[in-house]
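Colleague: Could you take a close look at the salt bridges in this model and walk me through them one after another?

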Amino acid sequence: MRRECLRADDVWTVSQPLQHILSDLCNKDIKVVPCTPMIEQGRSSKRNEIRKQLGLSDEEICIVYLGGTQKYQHLEDLVIPLIKEALKLSHRFVAVFISHKKKEILKLQENAGIDSKRVINLSLPQQEVFSFLNAFDIGLLLRAKSELNDVAQPVKFGEYLAAGLLPLAEEGTGNMAELLKELGAGFIVNSQKNRIEVLKEIANMSSEELSKKRSQVKQFVNSKYSLQSFAPIELSYYK
């Protein structure tokens, strides 16, 4: 990696943790270009319409999993156990799975003994995903600690922020903890005990508090983390 880094005219990466590693490795000015979402200006929210369609009340808190069944998604060892704990902890929680692997995910839910009455399983066309995410509250971004995840910057993080979801991320996934601290919203988990404490914190939030945090997330992504807001910085790298 050091050889390729030294041979390159310019080096860009997606996260600050990887930037630090590469800077130490090849003593160059490494530029960060995060995976930022495209914000469609003027897109109206269908939150109330979709929640009504799904039979959700304003008081219910929807925890969303978006993705497939690949091993790195950690469905069986991280996502499903956290969902199960949340549903057991509070009647306000509802689990939402958005995936084209619906059959496999249903099987995992059944094997884990999850109450199917409090789970919504959706398989959506790509163009509808954003509108549905916007109708929910918490977006799961759980990864096991590894060298790859230490420097990762998941695309899903930006998608969640753009939709107004509060990310619930595993500590050690890139610089998620630092970004969420700057954002002032979202949640970081790092142990079983901590997961329960975080879930209790979320369950005790009023619908008004959650709404305020969602608005805060959208303002952050529009001003600092969207493709449109980052484009001038990226273009300056070409000069």
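Modeller: A salt bridge here is a side-chain nitrogen of Lys or Arg within 4 Å of a carboxyl oxygen of Asp or Glu. In this predicted model, the structure holds 7 salt bridges. One of them joins the side chains of Glu 4 and Arg 3, at 3.7 Å from N to O; Arg 3 is exposed, with a relative accessible area of 61%, while Glu 4, at 44%, counts as partly exposed.

Another salt bridge brings together the side chains of Glu 59 and Arg 92, with an N to O distance of 3.6 Å. This pair links distant parts of the chain, 33 residues apart, since Glu 59 sits in the loop between helix 3 (47-53) and strand 3 (61-66), and Arg 92 in the loop between helix 4 (75-89) and strand 4 (93-98). Glu 59 is partly exposed at a relative accessible area of 43%, whereas Arg 92 is buried at 11%.

Arg 214 and Asp 137 also form a salt bridge, their closest N and O atoms lying 2.9 Å apart. Arg 214 belongs to helix 11 (residues 207-225) and Asp 137 to the loop between helix 6 (126-133) and strand 6 (138-141), so the pair ties together parts that are 77 residues apart in sequence. Arg 214 counts as buried because its relative accessibility is 11%, and Asp 137 counts as buried at 2%. Through salt bridges that share partners, Arg 214 and Asp 137 are joined with Arg 47 and Arg 51 into one network.

Note on methods:
Residues are numbered from 1 along each chain as its sequence is written. This is a predicted model: local features need pLDDT of at least 70, side-chain atom pairs count only at pLDDT 80 or more; totals for chains, interfaces and linings use all residues. Side-chain values use heavy atoms; hydrogens and water are left out. Buried means under 20% relative accessible area, exposed over 50%, partly exposed in between (1.4 Å probe, protein chains only). Helices (H or I, at least four residues) and strands (E, at least two) are DSSP runs, numbered from the N terminus.
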